[in-house]
Structures are given as structure tokens and as C-alpha cells.
Amino acid sequence: MVSRYVLIRGGDELLSIGAADPAEAQAIAEQLRAAGICLEVVAGIDSVVVRFDAVAYDADEVSRLVEDALADGVRPLAASGKLLEIPIVYGGKFGPDLEHACETLGLTADEFIALHTGGEHRVDMIGFTPGFAYIGGLDERLHLPRRTEPRQHVPAGSVGIADGRTGLYSLAGPGGWTLVGRTPFKLFDAAADDPFPIRAGMRIRFRALSAEEWPA
Amino acid sequence: MVLKPGLQTTVQSRSRGGMRHLGVPACGAADPLSLALANRLLGNDWDAPALELTLLGPDLQFDTACCFALAGAPFAATLNGAAIACHEVQRAIPGDLLVTGAALKGARAYLAVAGGIVVEEVLGSASTYLPAGLGGYRGRALAKGDQLSFTPREVQDLTTPVEFRPTMLSAWALRACASFETQKLSGADIARLFETNWTVSRRADRMGMLLEGPALTVTSGGRMPSAAVFPGTVQCPEGGAPFVLAVDAGTTGGYPRIAQLARVDRHLLGQVRPGDHLRFLRREPHAAVEALHAKLDYWRPWLPDIDSILC
């Protein structure tokens with residue numbers, strides 16, 4: 001049977017599988033992880049890349065195993081029952097780009113916050129650094145480009161917007177997203193029982209927190 | 001005890017595997033082969049936690065008797081003022097002063113102690129991952145006054161056979177294959193990518209290295225939906241200067257992936273320093289895997305775990 005998935009070879013130990021959208025990419029990745037063929041299975045926005053052990057496996061063999069694992073179609077992931085609430089302090093020192101973003105969008109800060117906290121969102125993917133969440137479902141009125149000059153230092157917990165998504169910075173570091181707020185929610189905690197409390201596919205709701213409510 | 005910390009001295013061991021989908025990078029020794037060579041001399045497991053010295057190493061004072069070994073980039077190291085050699089077991093007694101000095105060539109050396117440095121494993125490895133402050137010695141690079149603990153163990157004298165001492169260079173030719181977005185470069189730019197003798201910029205660390213040379217142009221304009229990247233992925237950001245990802249690099253990125261260093265030569269990235277020259281030798285994937293098998297076969301007599309070391 002010929003798979004409807006397009007496999008592309010990259011380098012000597014990588015294989016990319018095309019996906020229609022982030023949800024399908026996550027579903028493909030989950031199915032391939034369950035098949036246990038590869039060292040790493042990493043979903044992107046519209047692709048999944050697997051890294052295999054080139055000493056143990058020949059690439060054609062891996063392609064066949066991947067096609068076999070997907071031959072009966074991809075089971076959509078069960079909609080995660082869990083709704084995770086992410087508290088955010090918007091604007092001010094917590095979201096230094098909010099004011100400029102509102103000017104660009106022709107919104108007041110209150111309108112921006114109402115739109116951002118209004119709908120339900122979904123974690124499209126985790127990537128970049130441990131626990132960094134790319135969250136889809138952003139209202140079209142809030143779409144903003146990346147900053148032309150990336151910042152050298154973005155604090156952990158920063159909430160950014162770029163490419164039609166909300167991004168949650170799990171770690172402090174450089175970053176180019178438009179920063180509208182910050183969350184005290186720990187997106188990654190190596191010492192916790194579950195170091196990764198936020199996972200791809202989770203449903204997300206944002207809640208506005210006042211600056212006074214930021215934990216001391 | 002650490003008297004002077006050096007430029008960036010961290011505790012490193014094996015990489016972290018199977019967690020890239022959670023955003024956890026490979027981590028681990030930038031040059032795992034040299035880590036394994038240092039540990040081999042002391043009878044340690046190849047991935048026993050050791051110090052990774054970067055360009056300028058630390059000054060250390062021993063509080064207890066210790067057998068140690070240096071491998072990797074040659075450093076102008078002295079013990080109590082007398083020069084000591086890499087690739088052989090050295091012995092220190094309490095009060096001895098080890099000045100590791102600067103790398104003469106290459107970027108990193110590994111200072112292993114018999115018994116290994118005692119640190120806790122986090123997410124499956126003892127390796128330090130600086131961006132998240134985890135692993136290694138308190139999740140950070142060494143600082144003045146730090147005390148490293150290990151269980152002293154006596155070992156036999158041993159030196160690395162000459163044929164198993166890696167050569168350090170200042171011009172590197174690393175085997176690489178085409179990757180997912182190579183075809184987004186024009187034919188002329190693909191040729192440029194593989195024919196240019198690139199210069200490694202000052203931006204070269206455990207995250208990756210920016211190369212200087214002719215600007216490359218990607219037809220799609222330089223950005224794409226975020227997708228998985230790996231150590232050895234060569235990205236082409238908007239400016240057109242290739243960026244080679246290293247062990248601590250993020251797990252996904254939004255820049256075209258124009259080449260992928262082959263597994264056989266990826267460990268050498270850990271020895272490339274700013275100002276070095278770097279060329280990508282284009283190989284078809286099957287040829288890269290054949291070369292990998294040949295390298296594994298070469299090293300196996302001295303390092304039986306070579307398959308895990310170059311992974």
C-alpha cells in the first residue's frame with residue numbers, strides 16, 4: 001500500500017514526514033513514537049522529523065517501517081480533556097511591547113486583553129527549549145509579526161506573539177517575539193514530578209492577572 | 001577547589017535522548033570522543049562526568065590525592081609549574097596546583113578524574129545545560145571557590161596509543177549531506193555552500209556557530225513554519241550566513257535547513273573555534289553511513305563503546 005504521507009530524507013539519519021496541520025503532525029508523531037522505531041520523533045507545525053540510528057537501520061528500512069506504522073491512517077489524538085489556565089500579567093514591564101502592538105492593531109489594551117483571554121487556545125507544539133509552547137487559536141485581530149530586532153534577553157515566562165501564535169517562553173534567553181505579558185506559571189521545572197506540565201494538544205485559556213497579583 | 005574558573009568550564013557527560021519533542025536538546029559533551037578518551041585512561045565509563053574546558057581552562061587545587069587525565073584539544077597545562085602531557089594518567093597529591101592554561105589548537109579538552117566527578121543526573125544525564133541551569137555542578141559553569149567532589153581511586157599508568165589521539169586542526173573539512181530545504185537554494189548557492197572555505201565567527205559556542213563568507217539566498221525568503229532541527233543542522237537565516245547547530249541548540253527552528261552534518265563528523269564540531277576555517281564535504285547519505293561504519297571500526301579496539309559515543 002502506498003502511503004499518502006510524503007517522506008523526505010535529510011542528512012544520513014533524518015526523515016521528514018509532511019503533515020496538513022499541527023494537530024495531524026502531533027498525531028503522526030504520537031503514532032511513530034508508539035511504534036518505537038526511532039531515537040527521536042519531533043513534530044513541527046506542518047511536519048514530523050524522525051532521527052534513526054543509521055548504524056542499526058538502513059534508511060529504506062526506516063521509510064518502510066514509518067509507512068507501515070501510518071498505513072492504516074493516523075488516529076487523531078483524543079482531544080485532551082484537560083483545560084489548562086495560564087494566568088498572564090499584560091503590559092507594563094511584564095509585556096513591554098503591548099502598547100506598541102495595540103497601536104499597530106488599532107486596539108486599546110483592554111480590547112487586546114479581552115480578545116486574548118476570550119477564546120480557547122490549543123498547544124500546537126513544544127519546541128526550541130524545554131517547555132516552550134507554541135499555542136494556536138489566536139484571534140485574527142491579534143496577528144503581529146516578529147520584532148525586526150530580536151532581544152538579547154527575554155525573561156522566563158514571557159508571553160509573545162508571532163506568526164499567528166502565542167508563544168510562552170519557558171526559559172530566559174534571546175527571543176524575537178512581540179512581548180505582551182508574562183506568566184508566573186512554571187512551564188518547565190526539572191525538579192518537579194512532571195517537569196513538563198504543558199504538552200502539545202492541551203487546551204489553553206488565558207486569564208488576566210493584575211501586576212499586584214504577580215507572586216513576590 | 002576552583003581557584004580560577006576559566007572561560008566556560010562545565011561538567012559534561014553523555015547527551016539527553018528521546019526528549020526533543022518536549023524541547024529538551026541533546027546536551028552532553030561537545031566533543032564526546034575526547035570525553036571518552038579521557039575517561040578511558042582512568043578506567044571510568046566513557047561518559048563519567050568530567051570537566052569540559054573551553055579555550056581557556058581553570059586553575060584547580062587538589063584537596064585529596066587524585067588520578068586525572070586530559071584529552072581533546074592540547075592545553076598548555078602545568079602541575080605545580082611543570083608541564084604535563086595530555087593523553088596520559090597524571091597524579092596529584094593534596095595541595096597540588098593544576099593550571100590548565102589555554103588551548104593551543106581546537107576548542108575543548110576534557111579533564112576526567114578516576115572515579116568520575118560526583119554530580120546528580122537530571123533528565124537522564126549529568127551534563128550541564130546552561131540555558132535552563134540544570135545538570136552538572138549546580139546547573140552552571142564553574143566559579144571561583146567551587147568544590148568538586150569525587151571518590152578517589154588509584155589507577156595504573158596508561159597513555160593513549162598514538163593512533164588514537166585525535167589531531168586538532170584550524171581548518172576543518174566535515175562531511176555533510178543535503179537536507180530538507182537544500183533545494184530552496186539556487187544551484188549556484190548550493191555549490192557555494194559546499195565549495196566555500198567558511199570562517200567561523202566569534203559567535204561559536206555550545207548552541208552553534210555562525211559562519212562568515214558569501215551570503216546565500218533562500219528562494220522562500222528565509223522563514224518557514226517551525227520544524228525539527230538537530231545538532232549538525234545547518235540553517236540559513238534571513239541574513240544568508242549559515243548557522244551550524246551544536247549540542248545545546250533548540251529542538252525546533254523556523255529557518256531553512258540547507259545541510260546536515262553527517263553523524264561521522266559531528267563530534268568534531270566541539271573542537272571548532274572562532275577564526276577556524278570550515279568546509280562542508282558533500283556526501284550522499286549512504287556514503288556518509290559507510291564512512292561512519294569505517295570510523296566506528298577504527299575506534300572500537302580502544303573504545304569498545306564507540307557506537308554510543310558517536311551517537
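1. Basis of the note. The model is predicted, so that local features need pLDDT of at least 70 and side-chain atom pairs count only at pLDDT 80 or more, whereas totals for chains, interfaces and linings use all residues. Residues are numbered from 1 along each chain as its sequence is written, chains are lettered from A and ligands numbered from 1 in the order in which they are written, and side-chain values use heavy atoms, with hydrogens and water left out.

2. Extent of the interface between the chains. Chain A places 39 residues in contact with 43 residues of chain B, contact being heavy atoms within 4.5 Å. About 3200 Å² is buried between chain A and chain B, 64% of it on carbon and sulfur atoms; buried area is the accessible area (1.4 Å probe) that two parts lose on being put together, summed over both. On the side of chain A, the residues losing the most area to chain B are Asp12(A), Glu40(A) and Val55(A), together 18% of what that side buries.

3. Asp53(A) and Arg263(B) form a salt bridge through their side chains, at 2.8 Å from N to O. Polar contact joins 11 residue pairs across the interface of chain A and chain B, both residues at pLDDT 80 or more. The term denotes a pair of N or O atoms within 3.5 Å; within protein, one must be able to donate a hydrogen and the other to accept it, and residues adjacent in sequence count only if both atoms are side-chain atoms.

4. Make-up of the chain A side. Elements giving two or more residues to the side that touches chain B include strand 1 (7–10), strand 3 (40–43) and strand 6 (121–126) of chain A. Helices (H or I, at least four residues) and strands (E, at least two) are DSSP runs, numbered from the N terminus. This side of chain A has 21 nonpolar, 8 polar and 10 charged residues. Here Ala, Val, Leu, Ile, Met, Phe, Trp, Tyr, Cys and Pro count as nonpolar, Asp, Glu, Lys and Arg as charged, and the others, Gly among them, as polar.

5. Domains of chain B. Chain B consists of domain 1 (2–164) and domain 2 (171–309), with bounds from an automatic or database domain assignment. Their centres, taken over C-alpha atoms, are 26 Å apart, and the contact takes 39 residues from domain 1 and 26 residues from domain 2 of chain B. The two domains of chain B bury about 2600 Å² between them, 60% of it on carbon and sulfur atoms. The rule finds 1 salt bridge across this interface; Glu52(B) and Arg206(B) form a salt bridge with their closest N and O atoms 3.0 Å apart. Helix 1 (residues 32–41) of chain B supplies the largest share of the domain 1 side, 7 residues.

6. Domains of chain A. Domain 1 (7–70) and domain 2 (83–213) make up the division of chain A, and their centres over C-alpha atoms are 29 Å apart. In chain A, 6 residues of domain 1 are in contact with 5 residues of domain 2, and about 480 Å² is buried between these domains. Pro22(A), Gln26(A) and Ile45(A) supply 73% of the area that domain 1 of chain A buries against domain 2. The count between these domains of chain A is 0 salt bridges.

Methods:
Salt bridge = Lys/Arg side-chain N within 4 Å of Asp/Glu carboxyl O.
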